[in-house]
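Welcome! Please open your viewer and get the selection tool ready, and we will walk through the model together.

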Amino acid sequence: MTKVLVATEKPFAALAVEGIRNIVQEAGFEFALLENYTDVSALLNAVKDADALIVRSDIVSKEVVDAAPLLKIVVRAGAGYDNLDLAACSAKGVVAMNTPGQNANAVAELAFGLMLFHLRKGFSGKSGTELRGKTLGIHAYGNVGKFVALIAKGFGMEVFGYDPFIPAEKMTEAGVIPLSSAEELYGKCQYVSLHIPATADTKRSINLELLKRMPKGATLVNTARKEVICEESLLKMLEERKDFSYLSDIEPDCKEQLLASYPGRCVFTAKKMGAQTEEANINAGLAAARQIAAFIKNGDKTFQVNP
Ligand code: 3PG
């Protein structure tokens, strides 16, 4: 019997697990669950008889793929698939997929949660500032960026966007002012919300040259990936610009240093939690299960991300 393993170091909400289990069992497959594992050996052991795998940010390395001789498909229940070794998957004929857009609203809402927490001084009761009338730059206008724009409009912000892969009309239709370069975006916006994926081209691309362009009182919000930030530049920017703040859902390697040196100007969530809502878990988890059923039964490869 086809075995579908859900392996999540950071578990889905219980309702999402129940929904995935139902889809898997209704398709006539066996359901297996590995949650909260702390050592890769648990994952290596669990995948050895799995035909299909659902993960979140769990690392699906070559070692994991090699440990799963029956594996036919792995679905990253979420957007970014930088945690999947695509070459290793392709080498073993394993189809790799993601579930684009399914958790996007949750991530967008958290970006505003971080902004509000910060500008209201950590909900301490001290006098803060407001989002209304401020400029917001959306760096990459994909699924998350679109929700960020929608919410920002509700707050009465002036919204700009930069995305070389999206036609400018898509932004103007949504009341977002398209800009033609990242330099322009950072130069114009008091708030910049990052939504670029971590790729060979984007890693460490948010550097001092770009950050220094930001106007007085600038805040960078990162709910994307830590790898896109040049951490040396971030440290330098915080040191040189006393008006600059960094809010992030992703722990940089220099987190402790930032918190100690720049209290009040750096805010981090306890654990990457942008997509950690019941709704996002249900949307992404169930989509992953349905994609697996469609692939195993009908060979449907929609959302495949590896060549
Ligand atoms: C994504 O790429 O979908 C988000 O970063 C969410 O990641 P998570 O599933 O680990 O919360």
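Predicted model: local features only at pLDDT ≥ 70, side-chain atom pairs only at ≥ 80, totals over all residues.

**Stop 1: helices H1 and H12**

Select residues 14–26, which form helix H1, and then residues 278–298, which form helix H12. How do the two axes run relative to each other? They come within 8 Å and cross at roughly 15°. An angle under 35 degrees counts as roughly parallel, so H1 and H12 are roughly parallel to each other. The crossing of H1 past H12 is right-handed.

Now show the side chains where they touch. On the H1 side, pick Leu 15, Ala 16, Gly 19, Ile 20, Ile 23 and Val 24. Their partners in H12 are Glu 278, Asn 281, Ile 282, Gly 285, Leu 286, Ala 289 and Arg 290. Colour this contact by class and you will find eight nonpolar, three polar and two charged residues.

**Stop 2: the largest pocket**

Next, select Ala 140, His 195, Ile 196, Pro 197 and Ala 198, the lining residues that lie nearest the centre of the largest pocket. What is the volume of this pocket? It is about 1,200 Å³. In total, 50 residues line the pocket, and by class they are 23 nonpolar, 16 polar and 11 charged.

H6 gives the most, with three residues.

**Stop 3: helices H5 and H6**

Keep H5 and H6 selected, and hide the rest. Their axes come within 8 Å and cross at roughly 50°, which makes H5 oblique to H6. This crossing is right-handed.

To see the contact, show Ala 104, Asn 105, Val 107, Ala 108, Glu 109 and Phe 112 in H5. Facing them in H6, select Asn 143, Val 144, Phe 147, Val 148, Ile 151 and Ala 152, which they meet. Here the classes are nine nonpolar, two polar and one charged.

How values were computed: Residues numbered from 1 in each chain as written. Heavy atoms only, no water. Axes fitted to C-alpha atoms, helices over the stretch in contact; angles between N-to-C directions. Helix = DSSP H or I, 4+ residues; strand = E, 2+ residues; numbered from the N terminus. Parallel < 35°, antiparallel > 145°, perpendicular 65-115°, else oblique. Left-handed = near helix turned anticlockwise from the far one by under 90°. Contact = heavy atoms within 4.5 Å. Nonpolar A, V, L, I, M, F, W, Y, C, P; charged D, E, K, R; others polar. 1 Å grid on protein atoms, 1.4 Å probe; cavity = no way out; pocket = protein on both sides within 12 Å on 5 of 7 lines; lining within 4 Å. Points joined across faces, edges and corners; volume = space filled by probe spheres on them.
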